[in-house]
Amino acid sequence: MSSAQRPAPFRMPERLFAELAAGGGSAAAVAFLERGERARRLLLLRTLLDRLDTLATPLTPAAEAWHVLKDAAVRAPEPVDRLLLAPATGGWLAHVLRRAHGTASGPALWAEAGHLCALAVTASLHAGTVAELRVPLVDGALSLPGLGLARLPGAAGDLTIGTARTSGGELTLAGPGHDGGTTSVTIRPGTAPLRSGAERIGEAGASEPVPMTGLRAAARAERAGAAGADPAGAMPRGGGQRDDLEPQDDLEALPVAMTEAAASSWLPLRTLTHSTPTGTVAIPLDDLDPYRDLDDPLPPARLDAAEAAEWQRVFEEAVAVLAAPGGVGPGRLDPAWIRAVVPWGRTSTLPPAPPTVQASASSGDSFGAMVIARPSSARALAETLVHEFQHSKLAALLHLFPLLDDDRAERYYAPWRPDPRHLTGLLHGAYAFTGVAGFWRDRMAAARDDRAAVGEASVEEEAGYHFALRRLQSRLVVRTLLAEGRLTAQGRALVSGLARTLDGWLREPVPASALARARTAAALHRTEWRLRNVAPTDGAAHPADSPRFRLDRTSWPDVRTNAFAVRPAAPHTADEHLAAGDPAAALARYADELAADPAEPHALAGWIVARGTLDPGRAARRMLARPELLQPQPSG
């Protein structure tokens with residue numbers, strides 16, 4: 001590995017582009033995208049190293065840290081490559097380059113740039129090389145990307161400078177103590193795989209598990225220190241990430257106080273695990289790395305043991321959902337392609353997690369990572385994994401090809417957003433929700449095949465609703481993208497591929513009631529979006545496809561998309577009557593609501609759609625096209 005290498009130009013085989021353009025992608029297509037991301041990372045590293053040459057720093061200079069990293073890559077190319085391709089590494093690179101350009105803020109630049117020293121220490125641990133670097137410590141802690149967090153006992157607070165020495169996979173970290181002296185610790189870092197079923201680590205009420213690698217190292221360091229011996233040991237299997245140690249390994253020989261000391265000095269990165277025919281796959285559940293989020297650095301937000309166990313449970317069940325169909329079409333995802341899951345919004349099991357995902361996000365700088373608020377439902381998590389990985393694939397394609405000429409003006413309707421979007425946002429949404437439509441298409445087909453099973457008819461109905469809704473909404477956005485004339489040749493090929501996929505799906509049968517609810521939900525969202533975002537103006541001055549936006553628009557919750565997924569058995573509210581297929585009853589209840597506030601957007605959108613359902617025709621089409629122009633007299 002060298003930042004000065006000049007790789008041959010990337011030429012994506014047509015068959016791989018066709019797979020991705022259809023909304024799917026095989027393992028070979030994903031591997032090609034990762035190759036492109038690797039080349040991009042090296043180019044960004046070269047750019048950053050050039051900028052850091054003149055940066056004054058109390059840490060090990062960037063050129064020396066890079067030399068340590070390159071030496072480790074010679075000895076252990078695969079783990080160091082994984083380190084460079086890790087999502088958090090991409091997030092750090094992008095953030096520090098923005099800092100260098102003055103478009104982002106944070107702590108002292110030398111401290112953020114000094115994360116390169118932490119990467120070099122981690123690479124040295126993987127390779128078992130000998131190195132010594134001056135590193136930034138935050139409250140006495142050093143984040144080791146992909147491994148965990150080393151913490152000095154009795155350390156001084158805030159930002160300080162420490163020394164990290166590596167030898168044979170072992171780390172000795174030293175730094176200022178809170179009493180004015182020096183404090184140090186010797187550990188052998190390793191991750192903590194979360195186990196399934198009876199083997200699961202961290203059941204409710206249990207204490208934080210102590211990684212056996214760190215435990216053994218702490219004990220050996222203490223014994224060796226007393227005897228004046230060298231504490232370094234052999235490199236564990238797998239580049240420092242041990243998962244083969246049984247709980248009884250060395251444990252019985254250690255006093256309780258020593259296990260507590262080890263746990264306080266080393267906080268391991270947990271990994272979500274699942275079994276495959278070729279072995280166990282471990283995916284980081286990253287609540288530690290400062291660059292795990294989408295932009296600015298974050299402090300650790302450690303999950304308690306019970307919450308980590310819940311993540312493993314729901315992840316295992318989501319993997320089982322994803323394993324049902326085969327092939328490489330849209331909506332299919334091999335969980336081994338995921339590079340990190342970043343938990344968001346909660347660190348404990350209380351209050352109980354909702355069934356749906358309340359928030360999720362991803363970044364083009366962090367290929368394969370996804371920030372997710374944990375749901376209780378495995379299907380909801382599986383859908384979100386598919387959705388966010390679609391974003392990663394498209395972001396990688398955008399790094400390889402110019403797909404569109406975007407002026408970044410936010411003026412387009414996106415059926416899954418409360419606000420206007422720019423063209424790049426539309427493209428991302430269309431690509432992601434084509435994958436989501438494929439996910440629900442597979443769920444619908446599986447339920448249809450298992451109709452004899454109890455409850456499968458309702459699963460088919462719900463999956464059919466989501467499939468019908470997302471194929472309709474995605475096709476609408478694809479039409480907008482094609483009509484705007486801002487796509488490059490590669491962009492038009494990509495969006496045309498999505499159009500072919502969606503056009504084929506629009507001809508596929510869906511349960512009639514699910515299809516009706518999906519069409520109603522789509523009309524409701526667009527109508528309410530226009531009422532909340534578009535100012536009522538003369539149609540000649542501002543046609544429907546070029547609206548003038550309200551100055552007082554705010555974000556609003558979309559409460560209907562999930563609510564319409566299931567037909568209400570005993571409807572009470574206006575929305576429930578509309579979802580149940582009774583627009584007359586819904587119209588009367590919307591009219592009651594509008595009597596108190598004739599301009600309330602949620603009720604007015606329902607009134608317009610219910611009225612249009614009861615009395616279809618030219619007038620209804622006009623209402624639905626330009627609902628912001630309507631001043632109704634809602635009498636029912």
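Me: Where is Thr 520 found?
Reply: In this predicted model, Thr 520 is part of helix 15, which covers residues 512-533.

Me: Which residues is Thr 520 in contact with, leaving aside its neighbours within four places in sequence?
Reply: They are Phe 564, Leu 578 and Val 609. Contact here means heavy atoms within 4.5 Å.

Me: What makes Asp 53 buried or exposed?
Reply: Asp 53 has a relative accessibility of 55%. The word exposed is used over 50%, so Asp 53 is exposed.

Me: Where is Asp 53 found?
Reply: Asp 53 sits in the loop that runs between helix 2 (27-52) and helix 3 (62-75). Its C-alpha atom is separated by 7.5 Å from that of Ala 63, and the two residues are 10 apart along the chain.

Me: How do you know whether Val 121 and Thr 122 are buried or exposed?
Reply: The relative accessible area of Val 121 is 0%, and for Thr 122 the value is also 0%. Buried means under 20%, so Val 121 is buried and Thr 122 is buried. Thr 122 lies in helix 7, residues 115-127, and Val 121 lies in helix 7 as well.

Me: What does each of them touch, not counting residues up to four places away in sequence?
Reply: Val 121 touches Leu 133, Val 135, Leu 144, Ala 164, Thr 166 and Leu 171. Thr 122 is in contact with Leu 83, Leu 144, Pro 145 and Leu 147.

Me: What makes a set of residues a nonpolar core?
Reply: The largest nonpolar core has 97 residues, and Met 12, Val 341, Leu 385 and Leu 494 touch the most other members. Helix 12 gives the largest share of this core, 11 residues. Another core, of 48 residues, lies apart from it, and Leu 42, Leu 52, Leu 144 and Ala 150 are among its members.

Me: What does Met 12 touch, not counting residues up to four places away in sequence?
Reply: Met 12 touches Phe 17, Leu 20, Phe 32, Leu 33, Leu 397, Leu 400 and Phe 401.

Me: How do you find empty space in a model?
Reply: A probe the size of a water molecule is rolled over the atoms, and this shows where empty space is left. The largest pocket has a volume of about 1600 Å³. It is lined by 47 residues, and the closest to its centre are Val 357, Ser 360, His 387, Trp 416 and Phe 433.

Me: Which helix gives the largest share of the lining of the largest pocket?
Reply: Helix 11, with 11 residues. The lining of the largest pocket divides into 17 nonpolar, 21 polar and nine charged residues.

Me: How many of the residues of the protein chain count as buried?
Reply: Of 636 residues, 52% do. The chain has 20 helices and 13 strands.

Notes
Residues numbered from 1 in each chain as written. Predicted model: local features only at pLDDT ≥ 70, side-chain atom pairs only at ≥ 80, totals over all residues. Heavy atoms only, no water. 1 Å grid on protein atoms, 1.4 Å probe; cavity = no way out; pocket = protein on both sides within 12 Å on 5 of 7 lines; lining within 4 Å. Points joined across faces, edges and corners; volume = space filled by probe spheres on them. Helix = DSSP H or I, 4+ residues; strand = E, 2+ residues; numbered from the N terminus. Nonpolar A, V, L, I, M, F, W, Y, C, P; charged D, E, K, R; others polar. Buried < 20%, exposed > 50% of the residue type's maximum accessible area, 1.4 Å probe, protein only. Core = buried A, V, L, I, M, F, W, Y, C linked by side-chain atoms within 4.5 Å.
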